[in-house]
Structures are given as C-alpha cells and as structure tokens.
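Open the structure in your viewer and get ready to follow a short tour of its aromatic rings. Each stop tells you what to select and what is there.

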Amino acid sequence: MSAINYVSVESIAKAFGEKVLFKDLSFGINEGQKIGLVAKNGTGKTSMLDILAGAENPDSGQVIFRKGIKVAFLPQEPNLDPSLTVEETIFDSDNEILKVISDYEHALLNMEDGDAYQKAFDQMEVHQAWDFETQYKQILFQLKLDDLDRKVEKLSGGQKKRLALANMLLSKPDLLILDEPTNHLDLEMIEWLEAFFAKENFTLFMVTHDRYFLERVCNEIIELEEGKLYNYKGNYSYYLDKREARIATEETETGKAKQLFKKELEWMRRQPKARTTKSKSRIDDFAEIKDKASKRRNDHEVQLELNMERLGSKIVEFHKVSKSFKDRKILDGFEYNFQRGERIGIIGKNGTGKSTFLNILTGSMPPDSGKIVIGETIQFGYYTQKGITIKPGQKVIDVIKEFGDYIPLKKGRQISAGQLLERFLFDRKKQYDFVEKLSGGERKRLYLCTVLIQNPNFLILDEPTNDLDIVTLNVLESFLLDFPGCLLVVSHDRYFMDKIVDHLFVFRGQGEVEDFPGNYSDFRVYDSGPAIEQEIVVKPKEEKATTKDNWKTASTSLSYNDQKEYNRIERDIQKLEKEKASKEAEFLNPDLSGEEINKRSIALQEVQDKIDALTERWFELSAKMEG
C-alpha cells in the first residue's frame, strides 16, 4: 500500500530581483515522513518554508495540498499577540476541542448555572475531550508553561518559542512545518522535543542546524544546493555518507563548501582506539555518530597555523567572584585559573547566568565581590548574541576591513580579509554586495568574520551556531579546531560542543558551577545516572561534587586533575607518534651526510623517550581507572 501524499510541490521558482533562489523545484511530502531541509544561508530555505506554509507565493509553479489536510507552521520568531495571557493564547485558536474544554472549565467556576454545566459536560462527552484535556495539560507541564496567567509580552524568547510549540502541537496538525525549532530552547527542552518528535507519529518538514536533532528525528534529508534538490532516504549520518558518494561521482570541480563535507566525513569515520572503561560506556541511542563525533580534535590535521599574540603564563584568574541579581545568585565565590589552550563549553538552563558570566569575564559587567585578573597578553574576541550593527550603504568587504586587513599565519604567511570571507562562503562577488541585502544567517557569518579578523588569543562565543546553516557550521568548526588560543563557548548545539570542547562549566543555578572533564555527550551519560551497560556510577544529585579537585566517578577512581591528565596524555602521545613518523621519514633521503643522520637519530630517540615516559604514566592512570 503506497503512502498517502499530503503535499505536492510542482516546479516552483522564487527570485528577489536578479537573485534567483531556485527554479523548477518539485518534491512531495507523504504521511509519516520526517524531512530535514539542508542548505546554505541565503539559498532559499526560509522562502521554501514560507511557500509551503502559505505565507508567501512562488513566482511560478504550485503547491497542492491534499483536501482536508491540517498544516501548522512554527516560524523562527513566533507571531503571538502580546496582550494575551499564556492560557488565552492556547485557547485563541480554531481548535474546536479546545473551545469545548474552555467552556467546560468556565462552567466549573459557575456551578450554580446547572444547565450550562450539563451542556458543557455533554459537549465534553460528544467530542471525547477528556483525554485531550489531560494531554493538553501534560504538554504545558512538559514545556514548563505552568504560569497560565502570565502575559505574552512578559515572556522570554525561549518561553515564547515553547508557547508557540504548545499551540502548534495542540492543534493536532497532519503536517508540521518547522523553521529552526530548537532556537531559543535550552538543552533540556531540545532533548524533550527530540524524544517527542522521534516517538510520535507526526509528519514533519523542518529546517534545523541541530545535527543531533536531524540524526534522531528525521528519516529523510532533502538538500538544496545551487538551485537543485537532492534527496537522501535516511538520517543525518546516512546523508553525509551518500552525499560524499554523490560528490565523488560528479565530474565538475567541487566548491569549497562541498569539500568541507568530505573532510567532516573523513573525520567522523576515524574510530577511536579502545579506551578501556571509557569506551564501554558509550550508550547513546545514536552511539555510532556520537562515537565518531566525540573523537573531536585528537585526529584533526591543522590546516591553518594561526600566528596569534603569544599567551603568557597568566591567562585569566577568577578569585572568589560573586554576582547576584536580587535573590538570584549567578556566581558564589567562583574560583578558576584558565590555562593555555583550554577549550571550555558552558551549559545550563536558560536564566542560570551563562551570558552574565561572559560579561563579567570581559569586563562589561562588574562582579559584586571578588576580582578577575587578566594577563597582559590577553586579547579577547567576543561574539555576542546581539550581532552586527548595519550601516546603510556599506559593502561586506568594508565591514570586515574596519576591524582588520588580515590574520597572520606562521612562516610569514597571512589570510587577507577577502580570503577569510571566502573561507566563510562569501565569494568575491558577494563581498561587494551591500550588507543590508544579506540574510539573517549571512549577517551572523559576517559578524563572526569581524571577530576572527582581529586575531584574538582568547575567543568567547555566545551561541555562535544560532542562525548558521550546517555548511557554515562545518567551516566554523574547522577554523576552531585550528585555533591555538583559549576558547570559551556557550551553545545549545550538542554536536558542535562534542566536536570543539574538552571540558564543561555546568551552570546548575543559584551560583553552583560544576567543572566537568568531558564533552556534552560524556556529561549526559554522567548526569543521567546508571543505565544498561553503563559503568559510570554517579553520586545522587544532591551529593554531587562541585569543585574540580574532588570530582570523581566510582568506576574510574580518578580525581578531576588525573582525568584531565589522562585525556591530555592521549592527545600528546598521538602528536608525538605523528612527529616520530615524520622524523623516521626523513631517513629516506639518500643525500643525508653521516653527521645529519647522527643528529636526526638523537632527535628521534628524544621523541621516543617522551613517548615511553607518557605511555608509562598512561598505564598508571589506566590501572587506577580499572581499579
């Protein structure tokens, strides 16, 4: 039996002036499909969604919906009436069952009118609304929308997104069209929504930059590239695999963005060596993609040797720093000394103070008490959520040149402003476009370039992945893997965090900041407690250690510092093994003199001695882990 067709998109086209986004595109959406649309910013993703949702008409072609089908659209920025309360917003829809429930709840408050109550009760029976009432309250509870009398105008961006989501889910649509559904949601919400969509029998068509979301939820990926559609009947990792095969068969020169996907796939395919206890605790539903992702930087080959201002011995020190807003504690005697090359991710629910922490670090907000000491050589680069201020009449290349002309590389080389823009997918023609013509995602990309061209040695990124497409995310990740300075990242993008950071600051709320030695997926295993085949045994939540010196897991018996040393040794051994292979290759040169051979032999032995010493320490720590 063939699947029921919900939507047929036939030969649609869309252009803005001379810029043709796409033309002659055709595809269908069938019942049960969960489709992710992947494309670069500025290539027409939002226009495609608007056309599907009926908010915009195509220049030519047509979209045909099955008769009687109910479609719900979740835009990036929800369009809600600010004067209504949460409850009024929920009931202000054309959902007949919600109106029946509203009448019934009103009748309950006016029991003296027996006729009205009986009528309302009968309508609940007729529409079988009892189950729906339970479900509606469950969804509001899950989405943490329990303050039903709060006005929409007083809600945060995340709360508005959750309210729009609740409205959409309660309308019982046949087809959901979603534009970046995870934007403005914290990690707990994202994971709830992910599980909800993966489990429920919805038909979905979505744009999202969240690759774990694509992996877990979607059963089909449609890619829009250079005006053409490519269809992949599988999830994100399947798409990466098949996309590489498609590119390999194309005879035409592949562009830089395509090459990035090949690089990512090569990186994803490298399997980590067996790591005793640690490798046995890989228990995520998407274990395969997660295992590959958590390999992160260890196998990364440096493409850009950035020549930044050298970091001195003192980086940034926090001494007993506290900060509160009325009765809400953000930091409570926080102490930390940043080390060279540290790559820290910051996670925590919305409102726990992540952005405040960054503002205190960069000096734009004073602490209530304590002090922050910043090393003399430190140059911050701070990417905030506010983005870039557009000046009318400015061209893309002019914007970046206000901040710098080039980034110096080692050996006297450099990347010019134009080359950096090219790397971040602004071709030479685009560099001379007016900035006001750029899409929201392209503006974020340009803002990122203005931060990077200043060549900071301490880079702070506050939600850098919002509004960036997957292709740009791969470019950014590649750049950050080459970045030799300190890195501090706040992000809800779990895939990005897994790939980029080495440990986490977990903002628990009320001033509690936990330092966790691992990436986001490691933390989820630790924080979710015992599970099947999981060998990490964690203390109950209220007993959780909050300082880095006494963080332990029962299975590893390693202190926080030992755990960090263990991870560092693995990386150092890999680097030394590469150096050893390189030195051994030098002996193949037939023109080496006896003296040169002798020099190279001594250098090779020094590398081997370092490897032996580190390996011995690695075995000591491994024995402690096993013990």
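Over the ring of which residue does the charged end of Arg445 sit? Select Arg445 and Phe426 together: the charged end of Arg445 sits over the ring of Phe426, 4.8 Å from its centre. (A charge sits over a ring if NZ of Lys or CZ of Arg is within 6 Å of the ring centre and within 35 degrees of the ring normal.) Next, pick Arg246, whose charged end sits over the ring of Tyr230, 3.5 Å from the ring centre.

A word on the model: it is predicted, with local features needing pLDDT of at least 70 and side-chain atom pairs counting only at pLDDT 80 or more, while totals for chains, interfaces and linings use all residues. Residues are numbered from 1 along each chain as its sequence is written, and side-chain values use heavy atoms, leaving out hydrogens and water.

Now for ring pairs. Rings of Phe, Tyr and Trp (its six-membered ring) pair if their centres lie within 6.5 Å; planes under 30 degrees apart count as stacked, over 60 as edge-to-face and the rest as tilted. The whole structure holds 27 aromatic pairs. Select Phe27 and Phe205 to see a stacked one, 5.6 Å centre to centre with 10 degrees between the planes. Phe205 counts as buried (under 20% relative accessible area) because its relative accessibility is 0%.

Then move to Phe318 and Phe338, a tilted pair at 6.3 Å centre to centre and 55 degrees between the planes. Phe338 is buried too, with a relative accessible area of 4%.

Finally, select the cluster that ring pairs link together: Phe318, Phe334, Tyr336, Phe338, Phe357, Phe380, Phe458, Phe505 and Phe507.

Terms used
Buried < 20%, exposed > 50% of the residue type's maximum accessible area, 1.4 Å probe, protein only.
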